[in-house]
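Here is a guided conversation about one model, held for a reader who wants each term spelled out. Please keep the sequence and the structure in view as you follow it.

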Amino acid sequence: MIYLIGGPPRCGKTTLAKALSKKLGIPWISCDTLEVVSSEYVSFNQWRKMHPYSLLRKKYKTNDRFYRVLPTRMIVNVLKRQARPTFPAIEAVAICEIKDGNDYIIEGYHVDPAFVSCLMKKYGAKNFKAVFLGKKDAEKFAQDVHKSTTPNDWLLRATKREETFLKVGQMVALYSNYFEREARKYGFPMILMDEQFEKQIDSILKSFIL
């Protein structure tokens, strides 16, 4: 079984992947890793076209500048564009593990509902389980950021202004709307993680293991 976990940044995908990995005793991988590995096999010009989000992040350096200058909708759109070139790497990992009869977990914002639907049609729905996570309360998101226990947290590390956390929350909420719409379209579960985070994680684990 290939377990696919998608949704915007900072909605609990990695937390869920780690918990599921521990519960089932199977490996997991982040699509961020697959993105980095796959980018090593293209020219710099190709990389620039494939990674519009990364280029903008490099240009504006801090989260404060990035979120002050760029419209929220533009950030969501470049994230969606950057996700697509990683689809072949996700598919390659899934195919390899299915052929070897292994269970595996893949998580990341790159895991798109339409892409997951294509994988299921191509390799059999019986080989996949998918869930999408999101958050829609931007104000609560901004408050909860400071509770993070993630080492070297990218958001806390490169942010000085409190208002930036709210802008990130607004981006996550807008991106969550996209995932919710697409998940509904293709018949996948979409779980909002704004409230009772730990309880939601436990509930998803139970539904995956059944």
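## Questions and answers

Visitor: Is lysine 61 buried or exposed?

Guide: Relative accessible area is computed with a 1.4 Å probe on protein chains only, and buried means under 20%, exposed over 50%, and partly exposed in between. Because its relative accessibility comes to 60%, lysine 61 counts as exposed.

Visitor: What pLDDT do side-chain atom pairs need in order to count in this model?

Guide: Residues are numbered from 1 along each chain as its sequence is written, and side-chain values use heavy atoms, with hydrogens and water left out. This is a predicted model, in which totals for chains, interfaces and linings use all residues, local features need pLDDT of at least 70, and side-chain atom pairs count only at pLDDT 80 or more.

Visitor: Lysine 61 is a residue other than glycine with a positive phi; near what value does this phi lie?

Guide: Helices (H or I, at least four residues) and strands (E, at least two) are DSSP runs numbered from the N terminus, and lysine 61 is found in the loop between α4 and α5 (63-69). Although lysine 61 is not a glycine, its phi is positive, near 60 degrees.

Visitor: What is the order of the 5 strands in the open sheet?

Guide: Two strands are taken to pair if DSSP finds at least two bridges between them. The edges are held by β2 (28-30) and β5 (190-192), each with a single partner strand, so one side of each is left without a neighbour in the sheet. With parallel pairing, the 5 strands follow the order β2-β3-β1-β4-β5.

Visitor: Which residue in β3 stands opposite leucine 4?

Guide: Strand β3 (residues 104-107) is paired with β1 in the parallel sense, over 4 bridges. Opposite leucine 4, the residue in β3 is isoleucine 106.

Visitor: What angle does the direction of helix α8 make with that of β4?

Guide: Angles run from 0 to 180 degrees between N-to-C directions, and axes are lines fitted to C-alpha atoms, for helices over the stretch in contact. Helix α8 (residues 113-123) packs on the sheet and touches β1 and β4 (128-134), where contact means heavy atoms within 4.5 Å. The direction of α8 makes with that of β4 an angle of about 175 degrees.

Visitor: How do α4 and α6 pack, as judged by their angle?

Guide: Helix α4 (residues 52-60) and α6 have axes 7 Å apart, at an angle of about 130 degrees.

Visitor: How many residues of the contact of α4 with α6 are nonpolar?

Guide: The contact is made by Pro52, Tyr53, Ser54 and Leu56 of α4, together with Met74, Ile75, Val78, Leu79, Arg81 and Gln82 of α6. Ala, Val, Leu, Ile, Met, Phe, Trp, Tyr, Cys and Pro count as nonpolar, Asp, Glu, Lys and Arg as charged, and the others, Gly among them, as polar. Beside 2 polar residues and 1 charged residue, the number of nonpolar ones is 7.

Visitor: Which residues does threonine 86 touch, not counting those up to four places away in sequence?

Guide: Threonine 86 is found in the loop between α6 (72-83) and α7 (87-99), and its relative accessibility of 2% is why it counts as buried. With residues up to four places away in sequence left aside, threonine 86 touches Cys31, Leu34, Glu35 and His110.

Visitor: How many residues apart in sequence are the parts tied together by aspartate 153 and arginine 10?

Guide: A salt bridge is a side-chain nitrogen of Lys or Arg within 4 Å of a carboxyl oxygen of Asp or Glu, and the closest N and O atoms of aspartate 153 and arginine 10 are 2.9 Å apart. Aspartate 153 counts as buried at 6% relative accessibility, whereas arginine 10 counts as partly exposed at 22%. Because aspartate 153 lies in the loop between α9 (138-144) and α10 (154-157), and arginine 10 in the loop between β1 (2-6) and α1 (13-24), the pair ties together parts whose separation in sequence, in residues, is 143.

Visitor: How far apart are the closest N and O atoms of aspartate 144 and lysine 147?

Guide: Aspartate 144 is partly exposed, at a relative accessible area of 23%, whereas lysine 147 is exposed, at 62%. In the salt bridge that these two form, the closest N and O atoms are apart by 3.3 Å.
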